[in-house]
Amino acid sequence: VLGKPVQQFEDNFAKEHNAAHCIGVGTGTAGNHMVLWALGLKRGDEVIIPANTFIATAWGATLCGATPVFVDCEPDSYNIDPSKIVSAITKKTKAIVAVHLYGQPADIDAIIEAMTNDKWNYLDNGCFEHKFNGQKIYLVEDAAQAHFAEYKGKRIGSLSKASSFSFYPGKNLGAYGEGGAVMTNDEDLAATFKMIRDHGAQQKYNHQIYGHNYRMEGIQGAVLGVKLNHLAEWTEGRRRVAAKYNELLNDVEDILLPKEMDYAKHVYHLFVIQVKNGKRDELQKYLGDNGIATGLHYPIPLHLQPCFEHLGYNKGDFPVSEELAEQGLSLPMFAELTDEQIEYVASKIKEFFKK
């Protein structure tokens, strides 16, 4: 557990993302929790989160005892809609989570611009401060699906106060089991991360703060260290696959292709199309019958999950997220897909809509 392989991976992964500190942890979910825990979030606080994301994003808040406050996403980027954030701010808000969903960065500058007004200043260290009452709101990144993604020429992960990554085996950079990391440029915060992941201790049996066992296994650090050397090549492979899909499917009127925003360099953890006219499930079955596996990311938006029923959200509250849940279909996406395989997928999609 931990050891030299983990430390070497941490150093190299931080360097690749132009960050000062990377701390390996056991899972991406642990990373989501650690980021907010280290920033002092507690019961009674609120965290603003996009409704269109995997539920692990919300666990970061709930495991601190805080309440997730959901907002809608943008129809083009699929990421959190900056224009919806300000109206969700209350005196209890302590953090905003920008999720770089499916491998595309959220619009960080737009979030900062939307929040910076006659009431709020941005302190340029991932923190907004209220001009009159001193309330602080941290901006953090959930980068679980976005290793090596770029925002306006800069790699994500160090664009905010702190970020979290997942190395679940299905991710662009996957471990041989569970794995995750947190990243920051704040030296004091990095020291807190290291204590929290190791039972709140700097030295064994001397526990300065509350903590947990969120350590990364040495074998995972070793595996990730080797695979990191290939990630740039694999990422370009995913971009090649996405370009081929776009070329072959851009004339299919019954679907909407994902858009790469002009500020972003997408890494295509997922390639999510939208299927119009209520035919998503039929198309998925047809593709499955023809040997093509697809996925749904995500069929139930967070505000409609049974576990959050007590928060009082209703169907219709976040129409963009709900439409994505009803129409989204993830096509096969990995670096080794051949042109022949991509052409087969595209031909079966076209065949379905000509029936």
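Author: Happy to! Ser-164 has a relative accessible area of 2%, so it counts as buried, the cut-off being under 20%. Please keep in mind that this is a predicted model. Ser-164 sits in strand β10, which covers residues 162–166. Its side chain makes a polar contact of 2.6 Å with the side chain of Asn-32. Leaving aside residues up to four places away in sequence, Ser-164 also touches Gly-31 and Val-35, and its other contacts include Glu-141, Asp-142, Ala-143, Ala-144, Ala-181 and Val-182.

Now to the pockets, beginning with the largest pocket, whose volume is about 480 Å³. Its lining is made up of 25 residues, and nearest its centre lie Phe-54, Gln-145, Ser-166, Tyr-168 and Lys-171. Sorted by class, the lining of the largest pocket holds nine nonpolar, twelve polar and four charged residues.

Among the 18 residues lining it, Tyr-122, Lys-154, Ser-158, Leu-159 and Ser-160 are the closest to its centre. Here α4 (108–115) and β9 (154–155) each contribute at least two lining residues. By class, the lining of the second largest pocket has four nonpolar, seven polar and seven charged residues.

Definitions and conventions. Residues numbered from 1 in each chain as written. Predicted model: local features only at pLDDT ≥ 70, side-chain atom pairs only at ≥ 80, totals over all residues. Heavy atoms only, no water. Helix = DSSP H or I, 4+ residues; strand = E, 2+ residues; numbered from the N terminus. Buried < 20%, exposed > 50% of the residue type's maximum accessible area, 1.4 Å probe, protein only. Polar contact = N/O pair within 3.5 Å; in protein donor to acceptor, adjacent residues only side chain to side chain. Contact = heavy atoms within 4.5 Å. 1 Å grid on protein atoms, 1.4 Å probe; cavity = no way out; pocket = protein on both sides within 12 Å on 5 of 7 lines; lining within 4 Å. Points joined across faces, edges and corners; volume = space filled by probe spheres on them. Nonpolar A, V, L, I, M, F, W, Y, C, P; charged D, E, K, R; others polar.
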